[in-house]
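Hello,

Here is the structure you asked for.

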Amino acid sequence: MSADAAFTGSIPELYDTVLVPMVFTDFSADLAAHVATGDPATVLETAAGTGALTRELHRILPEATITATDLNPAMLGQAAKALPASERIRWQQADAQSLPFEDESFDAVVNQFGLMFVPDRARAYAEARRVLRPGGRLSAAVWSTLEDNEAALLVEQALASLFPGRPPRFFRRVPFAYNDEDLIRSELEAAGFSGIAAHTVEHQNAPASARAIAVSHVRGTPLANELSEGYGDLGRITEEVARLLEARFRGVPFAGKTSAVFLTGAA
Ligand SMILES: C[S@@+](CC[C@H](N)C(=O)[O-])C[C@H]1O[C@@H](n2cnc3c(N)ncnc32)[C@H](O)[C@@H]1O
């Protein structure tokens, strides 16, 4: 697994407890509501992470059984703390590019903010289509550009001023790098999906302190791996980022724009 996809070590807990409530929750509610319009009885979630979307699906689809999968078992371990496995919810390690499920076995496949981490998206789309019943729907969310996601942009700008000439590029390279609607449509078409639609959804992050934004983005994502490997002590870098953000916020919690592209297609 590449370091960019390694949600391991202290990342899962910080991701789940600080980053998810700050940035992900509104999108989870929207995406779950969208999935619920199809009233699926069996749902497969890929790249489920610590279960931000899974928890919403579990709440809004009380009759459905949900199989929630992720590449990193540590993310699923964190997820199961809040939503233990039951008759309705199964946590299972799986790579979205190679799903261990029968053909045509789910009514819906969902993926929230995970497709950007998958090296071979064509395979992931083909696998999603294979395991969907005919007419079943893939629904997914990917981040819009870094410029449209202001808290992450501020963190990148702080890092660029700390490391001039060789700024860390994780955000631009991975989570905010897959949002071209024409490209997304053509990839879904190539995988055989029909009725494809894509649209932008915008919110604001929950108001957050400089320290919470620094800790969640620097230590709660695989940016931590890039920084530890090439830029020095992670604790010191986090404090420096928090200091630079605080100089801008001056004690006022920051709430900036967040933006995502929702995509859907039928098998
Ligand atoms: C930004 S997190 C999103 C997690 C969750 N869906 C959410 O909205 O909070 C990206 C997730 O993709 C997972 N991931 C990365 N590569 C993957 C792959 N090839 N197959 C399945 N999951 C993958 C990571 O382990 C991580 O949990």
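I start with the second largest cavity, whose lining has seven nonpolar, two polar and no charged residues. Its volume is about 60 Å³. The lining consists of Thr46, Ala96, Leu99, Asn111, Leu115, Ala124, Tyr125, Ala128 and Leu138. Helix 4 (residues 121-131) supplies the largest share of that lining, three residues. Please keep in mind that this is a predicted model.

In total, two cavities of 30 Å³ or more were counted. The largest cavity has a volume of about 230 Å³, and 21 residues line it. Nearest its centre are Leu19, Phe24, Trp143, Phe176 and Thr221. By class, the lining of the largest cavity has 15 nonpolar, five polar and one charged residue. Helix 1 (11-36), helix 5 (150-162) and helix 6 (170-173) each give at least two residues to this lining; helix 1 gives the most, with four.

Now the ligand. Where does the ligand sit? The space it takes is the largest pocket. It is surrounded by 19 residues, the closest being Tyr15, Ala47, Asp70, Asn72 and Gln112. This shell divides into 13 nonpolar, four polar and two charged residues.

An N or O atom in the side chain of Tyr15 is 2.5 Å from an oxygen atom of the ligand. A nitrogen atom of the ligand lies 2.9 Å from a backbone N or O atom of Ala96, and a polar backbone atom of Leu71 is 3.3 Å from a ligand nitrogen atom. Taken alone, the ligand exposes 590 Å², of which the protein buries 98%.

Regards

Terms used. Residues numbered from 1 in each chain as written. Predicted model: local features only at pLDDT ≥ 70, side-chain atom pairs only at ≥ 80, totals over all residues. Heavy atoms only, no water. Near = heavy atom within 4 Å. Polar contact = N/O pair within 3.5 Å; in protein donor to acceptor, adjacent residues only side chain to side chain. Areas by Shrake-Rupley, 256 points an atom, 1.4 Å probe, with all protein chains shown as cover. 1 Å grid on protein atoms, 1.4 Å probe; cavity = no way out; pocket = protein on both sides within 12 Å on 5 of 7 lines; lining within 4 Å. Sits in = over half its atoms within 2 Å of the grid points. Nonpolar A, V, L, I, M, F, W, Y, C, P; charged D, E, K, R; others polar. Points joined across faces, edges and corners; volume = space filled by probe spheres on them.
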